[in-house]
Amino acid sequence: MSSNVLVTVWFDYTCPHCHIGLGRLDALSGEMALTVDRRPYLLRPDAPLNTVLVQKRSAETQSPTHESPGPRPPLAPLGEKPAAEPFSSRSLSTVLVHEATAFAREQGMDREFYLETAGEYWERGSDLGSIYTLRRSASRAGLDWESMWPKLESGHYRPWVLEEHRAAVEQGVKGVPSYLIGGKMYTGDVGLDALRGAVEGSAG
């Protein structure tokens, strides 16, 4: 392969095929020269937005003893579906977690944050609308929560997340995961070999 290939992937945290697909891209990045550009797509764009401001900052700064961090469980093996979506009573909106991912993206650590957060959701059944979940993921990923929290509290990244979703729809993204590789769009449960072939074909 003669050049680094950009793979833009639109995803939402609660989609099992996104979880698998991003795992496949992670595996490919270890054997091929590619850059993964993760972009937010909201599977439930009309779900009530998480409102960080209603969660008391004093409570946020306390460290709950019942949620002590442990090692991050591994992602589901390639080609295998993770367990059914956990705890359907969890927050329906994923806007807040995408806002947190935007902060990590600015730090060049969105991969690390994604891996921690996906593990929280799929392996531990954590609520992605919970500040405690996001703080735990941020800390494990090596991000500074004290810098992230004010940005989330103020809704700093919310316009960007909503605009990215709108732009994706305008670009023809109808579902996730969707991959843009070498000018071609691939959507759905695209297998590892098919992704590898798409990257190889666009390498030039």
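Trainee: What does the accessible surface of the protein chain come to?
Mentor: About 9700 Å², and 51% of that belongs to carbon and sulfur atoms. The areas come from the Shrake-Rupley method with a 1.4 Å probe, and for residues only the protein chains shown count as cover. Keep in mind that this is a predicted model: local features need pLDDT of at least 70, side-chain atom pairs count only at pLDDT 80 or more, and totals for chains, interfaces and linings use all residues. Residues are numbered from 1 along each chain as its sequence is written, and side-chain values use heavy atoms, with hydrogens and water left out.

Trainee: OK, and what share of the residues is buried?
Mentor: Of the 204 residues in the protein chain, 48% are buried. Buried means under 20% relative accessible area, exposed means over 50%, and partly exposed is in between (1.4 Å probe, protein chains only).

Trainee: How many helices and strands are there?
Mentor: Eight helices and four strands, in the order β-α-β-α-α-α-α-α-α-β-β-α along the sequence. These are DSSP runs numbered from the N terminus: helices are H or I with at least four residues, strands are E with at least two.

Trainee: Switching to H6. Which of its residues are buried?
Mentor: Trp145, Met148, Trp149 and Leu152, in a helix that covers residues 145–154. Down the axis of H6 they fall within an arc of 105 degrees, so they line one face of the helix. The arc is taken from the directions from the helix axis to the C-beta atoms.

Trainee: What's on the other side of H6?
Mentor: Glu146 and Ser154 are exposed there.

Trainee: What happens at the ends of H6?
Mentor: Asp144 caps the N-terminal end, with a side-chain oxygen 3.1 Å from the backbone nitrogen of Glu146. After H6 comes Gly155, with a positive phi near 70 degrees.

Trainee: How do E3 and E4 pair?
Mentor: Antiparallel, over four bridges, between residues 178–181 and residues 184–187. DSSP has to find at least two bridges for two strands to count as paired. Ile181 stands opposite Lys184 in E4. The two strands form a hairpin with two residues between them, and Gly182 in the turn has a positive phi of about 60 degrees.

Trainee: Where does the cis peptide bond sit?
Mentor: Between Val176 and Pro177, with omega about 0 degrees. Pro177 is in the loop between H7 (158–170) and E3.

Trainee: Last one: is Leu34 buried or exposed?
Mentor: Buried, with a relative accessible area of 10%. Leu34 is in E2 (residues 34–40). Leaving aside neighbours within four places in sequence, its contacts include Asn4, Leu25 and Val199. Leu34 is also 9.9 Å from Glu200, C-alpha to C-alpha, with the two 166 residues apart in sequence.

Notes
A polar contact is a pair of N or O atoms within 3.5 Å; within protein, one must be able to donate a hydrogen and the other to accept it, and residues adjacent in sequence count only if both atoms are side-chain atoms. Contact means heavy atoms within 4.5 Å.
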